[in-house]
Amino acid sequence: MTDRAVHTELDLAARVVELTRRLAGAHAEAEVVAAHSAEALTRFANSAIHQNVADATTTVRLRLHVDGRTAGGSTTVTDAEGLRSLVERTLAAARLSPPDASWPGLTPPTPLAPDAGFDEATAGAGPRDRAARVRDFVEAAGGLETAGYCRTTYASGGFANTLGQAVHGRVAEAAMDGIARLAGADGMSRRAASRLADLSGAELGARAAAKARAGATPAELPPGRYEVILEPTAVADLLDNLATFGFNGKSYAQHQSFAEPGTQQFDEAITLTDEPLGTILPFDAEGTPRATLTLVENGTTRAVSHDRTSAAEAGTVSTGHGSAASRSWGPTAVNLRLAPAQPPAHDAGPTSAGASTPGPAHGTAGAGSSGSAHGTAGAGSSGSAHGTAGGGGPEAAGRPASSPPGRPVTLTAAGPVVPTAASPVVPTAASPVVPTAAGPVVSSAAGPVVPSARRLVAGMRRGLLVTDLWYTRVLDQKSLVVTGLTRNGVWLVEDGEIVAAVGNLRFTQSYPQALGPGAVLGIGTEAISLPDRWSGVRYTAPALHLASWNLTGNASG
């Protein structure tokens, strides 16, 4: 875990560069990355740890350009014979490869950005450290069935090329993701951090349990366009797809991306940056130093991510997003951050943080529509509801017209049920009450609503609170229309209060359109870091209040 280990990877890279010069000749261009990665994972299911696994690997990658032809190779055998074999195999492959007219050349000597800091305790964490957070998660769930993982990762690497660029760095990360289950309802909570000490298993477990308890007996809602609040865990999917397909330099160069730098394509509340320092090695696979990249500023697209190949095609410079696969799949920003809203100087009530208020439409009426809703009425629709195109009065939501505003209502197959003093109470942002086996217990966790979304929920007239999106697939890359499902908790919100759990829903939605000018009703003031399934990939996001989200059916069919 020491800085000496980092220099070991840099030494490996330098040795391969010298071998290449000897075997391929002084005219050959070569770049080498030597990277050591160590990942340790503690898994739990049925509220008990069932697996501890750890893996550590050092990989050396060589990309060689000789006589106008390019080839790459890699090895995990790092002794003298293994490194020589790597160079010989890659040289032989280059000689058999077709001419590479798009070769962009090598990165010249360039210094790295200042060190973002490194946590030795996270890099050296053991099973006992992770188990302590799992224990806290399980205990905080209060007897609910739990499952998930806690992981710690450490990476160090060195880069060298024949042009003289030589850099090295290291990084550590911790992440936890878990669910709590009650009577078929799942609640989820996840978090990523650069320090394991910053992860609270108790906080995550309490949040997951609150969501599970509030998700019992979900109702089904009809398809339509709904006003939604996406919690940070759902917003992460938007950032992932925007980065992979929209701000991808290769897609942009091939006119397959929606991105138009210099154009206001998003609501002015949207500012997106890629912030890799502290989460991934400080240089990319081509040796280009990484730095913060502003992709969208106050709604205006400013840039896309580039490696050296896509940058040369676009007539610009690399942004430090080269990878082993970027020439094939395009350079992708993997550490997107959506800027949160600034907290109000004075607490002026629940609608002061960008939350919706009664009045004319906050969204726009789509082509062929005559809606005057808070959401966007889709093409061909005539809705005038607060978020759904299919008509949206209280009865449409399964709520009696005579029910007092904010009174919790449960939707059942037999119709709406208004709770009485003897029946369970649905948690709300204002009065977080969660039922347990021993009876209702007031929770400081504000029921199923994460802190970043509380002010947004309190100001919502009518719409849905969505915890998570999954199984998302791109239907049209140019407009980035995505279909997928909600999961781990959806709730109907009316007049600032959660009134019922809702079953999972399928959606088909253009992500850029959902974030377009006038479509963002509010942004949470707290952004949280969220892990991906791959270490080194992290999305940081607040909650988002959107005018319209196209729900096309129920998950049940």
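Visitor: Is L163 buried, exposed or partly exposed in this predicted model?
Guide: Relative accessibility decides this. Buried means under 20% and exposed means over 50%. L163 has 46%, so it counts as partly exposed.

Visitor: Where along the chain is L163 found, and which residues does L163 touch?
Guide: L163 is found in the loop between β4 (145-161) and β5 (166-182). P109 is 54 residues apart from L163 along the chain, yet their C-alpha atoms are separated by 7.2 Å. Not counting residues up to four places away in sequence, L163 touches L106, T107, P108 and P109.

Visitor: Which backbone oxygen does the side chain of N554 reach?
Guide: N554 lies in strand β23 (residues 544-554). At 15% relative accessibility, N554 counts as buried. Its contacts beyond four places in sequence include E220 and L221. The side chain of N554 reaches, at 3.5 Å, the backbone oxygen of L221.

Visitor: How many residues apart in sequence are the parts that the pair of F118 and Y154 ties together?
Guide: The rings of F118 and Y154 are 5.7 Å centre to centre, with 70° between the planes, an edge-to-face pair. F118 lies in the loop between α2 (80-96) and α3 (120-123), and Y154 in strand β4, so the pair ties together parts that are apart in sequence by 36 residues.

Visitor: Is the pair of F507 and W549 stacked, edge-to-face or tilted?
Guide: Planes under 30 degrees apart count as stacked, over 60 as edge-to-face and the rest as tilted. The planes of F507 and W549 are at 50°, so the pair is tilted.

Notes:
Residues are numbered from 1 along each chain as its sequence is written. This is a predicted model: local features need pLDDT of at least 70, side-chain atom pairs count only at pLDDT 80 or more; totals for chains, interfaces and linings use all residues. Side-chain values use heavy atoms; hydrogens and water are left out. Helices (H or I, at least four residues) and strands (E, at least two) are DSSP runs, numbered from the N terminus. Buried means under 20% relative accessible area, exposed over 50%, partly exposed in between (1.4 Å probe, protein chains only). Contact means heavy atoms within 4.5 Å. A polar contact is a pair of N or O atoms within 3.5 Å; within protein, one must be able to donate a hydrogen and the other to accept it, and residues adjacent in sequence count only if both atoms are side-chain atoms. Rings of Phe, Tyr and Trp (its six-membered ring) pair if their centres lie within 6.5 Å; planes under 30 degrees apart count as stacked, over 60 as edge-to-face and the rest as tilted.
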